[in-house]
Amino acid sequence: MNPLFFIVSFFLPLTHLIGLTSEEIAKRAFPASVILVLFDENGEAVKSGSGFFISPDLVATNYHVVANTYGGVVKSLGNSMINKIEKVEAVNSTFDLALLRTERPSDATLELGDSGNLNIGQPVFVVGNPQGLEGTFSSGLVSSIRRFGDNYLVQMTAPISPGSSGGPVLNDAGKVVGVSVGMLQGGQNLNFAIPSEYLVNLLKLFLNAPHSGSTVEAREKDFYSPSLSLSSGLVQESDKGAGSQTTSIHDLDFIEHARPSYKKKKSKPPAEDLFIMTR
């Protein structure tokens, strides 16, 4: 046997186990990641956030980024071309996820990974636009898997800030294992992501739904229970029957980058009225 062939064949599986370098992950993720700018009913920019293409014309982000807005645009990182958001295709308000249809397709997309295989101490990488600073890349570790019943959140040390909401959280293979969602104020580096498992479920729901032209909205029977609880008190269990205060994942301090004059509405509109394009 050729000694060179033996050496190469030995190191190929080894490099697979090691994973990609942070530089390689950033290089792959940036073209598929976007900054979102959302408008009010007057066409004024009121919020910005992050997102990423999971198919050529479908962007994933947080529900709270697009809620109570009337249109918007996305721009791929490192690309000056503005891409109009045509429609909110699907939402899961329980797990704070949304799928947006864009006017023009993207050449770059990110592959969804399996968040169920995440382990504490595993490295993760985040792409976002904190405080509107386009194309910010950070790294950290999975610090905990916060389980509550059949549901869970990913706790991580990778830094995120207002404007990072909706950005991809990637593993060392460059696959999306979470979506940045919020941080716990008053703590040190307590950041959270929605597991990619829930995004995969929403995508499946959308692809299998009849194409009626209206927004596909996840319901309780399509996903897990909307009553979430964490022992840390981050998210508390709700009991509507007993008349106790209802709390949910939305009790996180959401990291949306908004103008100081913009006041977030408390009520949630119906899915079909969620996103009205301005003319």
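A nonpolar core here is a set of buried Ala, Val, Leu, Ile, Met, Phe, Trp, Tyr and Cys residues joined through side-chain atoms within 4.5 Å. Keep in mind that you're looking at a predicted model.

**The cores**
- The largest nonpolar core has 45 residues, and those touching the most other members are Phe52, Ile54, Leu99, Met156, Ile194 and Leu199.

**Helix H4**
- H4 runs over residues 196–208 and spans 18 Å from first C-alpha to last, close to the 18 Å expected.
- Its buried residues include Tyr198, Leu199 and Phe206.
- Beyond its sequence neighbours within four places, Leu199 is in contact with Phe52, Ile54, Ala60, Leu97, Leu99, Leu112 and Val179.

**A buried glutamate**
- Glu89 sits in strand S5, and it counts as buried because its relative accessibility is 10%, under the 20% cut-off.
- Away from its neighbours up to four places along, Glu89 touches residues including Leu99, Arg101 and Phe206.

**Aromatic pairs**
- The count comes to four aromatic pairs.
- One of them, Phe125 with Phe137, is stacked, at 5.9 Å centre to centre and 15° between the planes.
- Phe125 is in strand S7 and Phe137 in strand S8, so this pair ties together parts twelve residues apart in sequence.
- Phe125 is buried at 9%, while Phe137 is partly exposed at 27%.
- Tyr152 and Tyr198 make a tilted pair, since their planes are at 55° with centres 5.8 Å apart.
- Arg147 lies over the face of Tyr152, 5.0 Å from the ring centre.

How values were computed
Residues are numbered from 1 along each chain as its sequence is written. This is a predicted model: local features need pLDDT of at least 70, side-chain atom pairs count only at pLDDT 80 or more; totals for chains, interfaces and linings use all residues. Side-chain values use heavy atoms; hydrogens and water are left out. Helices (H or I, at least four residues) and strands (E, at least two) are DSSP runs, numbered from the N terminus. The expected span of a helix is 1.5 Å times one less than its number of residues. Buried means under 20% relative accessible area, exposed over 50%, partly exposed in between (1.4 Å probe, protein chains only). Contact means heavy atoms within 4.5 Å. Rings of Phe, Tyr and Trp (its six-membered ring) pair if their centres lie within 6.5 Å; planes under 30 degrees apart count as stacked, over 60 as edge-to-face and the rest as tilted. A charge sits over a ring if NZ of Lys or CZ of Arg is within 6 Å of the ring centre and within 35 degrees of the ring normal.
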